Amino acid sequence: MNVTDYRKLYEAQIARRADLAGDTAIPEVRARETLSVSSGDPEARIRAIESLPLTATESGSNISLLLATLHNPEEPAAVRAAALHALKAASFLGPRFAPYRAEYLQTLRDIATDVEPQLREDVLEVLAIEKDAYAQDLLMRGLKEPQSALVPPAKAIQLLGYDVHADFAPVVRDVLRRESDAATKEEALRLLAADPASEGLFADLLKDKLQPTPIRALSATGLQSLNPQSFEKAAREIIADESEDDDLRATCLGALTHIRDYQKTRDDPDFVQQVKKLESTPSINLRSSAERFIQMQSK
Amino acid sequence: MNVPAFGGGTPADEIAAYIDTVRRTPAQRDALVGLLAEQSPVYAGRSTNEAERLRGYVLASFETTGLPPAALAYVCEELESGQNPYTVAAAAKAIRGADIVPDRLVSLLLRAIDRIRPADDAVSFDSYPSAPSHRPPTTALMELIRTLAWLGPRAGASLDTMESMLESHTIGFSAAVQAEIKHAINAVSRPEAPAARSCCASGRRAAPVEHATTLSSVTSAEENVENLELQDQNGALVTFGEFFYGRPSIITFFYTRCMNPDKCSLTITKLARLQGKVSEQDLKGQINVAGVTYDPAFDLPQRLHAYGADRGMIFDDRTRLLRTTGPFEPLQRRFDLGVGFGSVTVNRHRLELVVLDDVGRATSMFTRMLWHEDEVLDAARAATPL
């Protein structure tokens, strides 16, 4: 789901909740009755789900009702999505939700391969946050065999990123090599920033002027995280190179300005002179980065 | 039966098939113990989840094959500090195959129940779990409580706690778990059979949980690490010999990306407390206190500094967090460390702390179970030349 769609969905939910807070809220008994029969107007069923109290100690049967609704493939996707949303909120209840946690996770695993793509993605996201082994297997399989993928590769990589202990690095490096989609490549680089063995990959991409700027900027971040000294050397070369992309130069200069490791560079008179010259460069980003560096340096 | 030479590339299903074979031939159960060592090649390159699933599958097998004494420490470790419901449940099952039960078993089980309670999950051990089974009838909490029931009257110390779990104001247990608790209360409350009063006659004898070893033989003296280069939390370089020789040392192992709060985070917090005790007892400067990371490529100096400082360490010449600047393997071989590695970072490790004398010989090792600051300090004092 992209940001715009998510915002629309969230606004609709807020509007609906505002309605429920008024005199249109459904009493619990009626909400339960509406959900207990397996058919009916989806809109009414969604309103029933949103009216079900889940915070009271005696709300256990409501959670069971939601689990059954979520599990039922006959329910419309929107109703199941509403049930999942309510269960996700309930899962923050701590000890009150604990008795249902095992059944909740098992229900999610049961529907992780559901035919409804958005539900599948949402479910895999919850399981991935839980570092669930089954969900990780499914995501990994989808990356190795794209024809069996349950979510787009960029999403799969993002979800695998919830667990640095998942064995993702070799597979994600393969994806990076074979994929042309920019979003997928960017997610792959974000994830590999946790993998010390990818240091060389980041160094190569950062130096490669044929790569798009976002890829090189992410490589700069990855290299900075894995080998700050190697990044420092590469960043100084990029900043000094007038044929380089100005936005990338600005990114590198920003890192050298703010990160503690680089005090020696900040104190180097030759480098300071070099940066001073950039205060009159036409690029707004690079110019303001240079100004910030000089301000920080003079402090 | 010869144990096949499994490696990190062996498909998990193939290893599981071997474990299934041993389940059918209990006389071969000792062969499974080798698969529990974290440094076993079988775990090389695997994710933490896959490593945990394999270990859990091995542990659960001991319920049917019988629990070999050599596997008891692994089971107790899991009950004391395991976070994965699958592996903890497997340890609870393994105990039910034991002839000798550890003397702290009841408290270990109660501790595990408390820890797993907010993280309970469905588990199934009938076959290797490559896919979710259909509505498995058991969870990690249920397995832990079944083990209390299995102990019967010997779990008498758990009775009050179990009864309080069922009190009306208590929430947090499913109906199925509550049914298990009721069953366990009945089993534990049962009058003890005369034959069972004798620990030997009952067939379930009590044994202490061993976690401290006085040693020189366990570690590999052949692996010379004197010139191994280390870097501390401030970036300073020093060789192993320069830092550790000349006075006794306490070394523990950890890594900053460890997700188990009862392992690395607690270890470094305890190391900071130990440092305080060293100072209180006028031993400051006479004993080295150090933590060495398993994950040197990621745990760069600034990460080590932040991790230690956040947990109360006050760094000085004799108190440091360290990383190897090259490969970690020489240290792993030198101290036979129980750690395995996935493709990105550590996939599993045991708790381990080594006390060295002033010439770098290991004199004591504390492994798997949580160590206490005072016993470590006593061991360090014993290693101090008079």
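The structure is a predicted model. Chain A contains 18 helices and zero strands. The C-alpha trace of this chain spans about 75 × 45 × 30 Å along its principal axes. Its radius of gyration is 25 Å, whereas a compact globule of 299 residues would have a value near 19 Å. Of the 299 residues in chain A, 48% are classed as buried. When contacts between residues at least 6 apart in sequence are considered, 52% of those in chain A link residues at least 24 apart.

The chain carries 37 positive and 48 negative side chains. The centres of these two sets are 3 Å apart.

Within chain A, helix 12 comprises residues 199-207. Its buried residues are Phe202(A), Ala203(A), Leu205(A) and Leu206(A). In an α-helix, residues three or four places apart point the same way, because there are 3.6 residues a turn.

In chain B, strand 9 is formed by residues 288-293, and six of its six residues are buried. Both faces of the strand are covered. One side presents Asn288(B), Ala290(B) and Val292(B), and the other presents Val289(B), Gly291(B) and Thr293(B). Strand 9 of chain B pairs with strand 8 (residues 249-254) of chain B in the parallel sense, over six bridges. In this pairing, Thr293(B) of strand 9 has Phe254(B) opposite.

Arg53(B) is located in helix 3 of chain B, which covers residues 48-65. The relative accessible area of Arg53(B) is 11%, and the residue therefore counts as buried, the cut-off being under 20%. Apart from neighbours within four places in sequence, Arg53(B) has contacts in both chains. Those in chain A are Ala133(A) and Asp137(A). Those in chain B are Tyr86(B), Tyr128(B) and Pro129(B).

How values were computed. Residues are numbered from 1 along each chain as its sequence is written. Chains are lettered from A and ligands numbered from 1 in the order in which they are written. This is a predicted model: local features need pLDDT of at least 70, side-chain atom pairs count only at pLDDT 80 or more; totals for chains, interfaces and linings use all residues. Side-chain values use heavy atoms; hydrogens and water are left out. Helices (H or I, at least four residues) and strands (E, at least two) are DSSP runs, numbered from the N terminus. The radius of gyration is taken over C-alpha atoms; the globule rule is 2.2 Å times the number of residues to the power 0.38. Buried means under 20% relative accessible area, exposed over 50%, partly exposed in between (1.4 Å probe, protein chains only). Contact means heavy atoms within 4.5 Å. Lys and Arg count as positive and Asp and Glu as negative; His and the chain ends are not counted. The place of a charge is taken as NZ of Lys, CZ of Arg, CG of Asp or CD of Glu. Two strands pair if DSSP finds at least two bridges between them.
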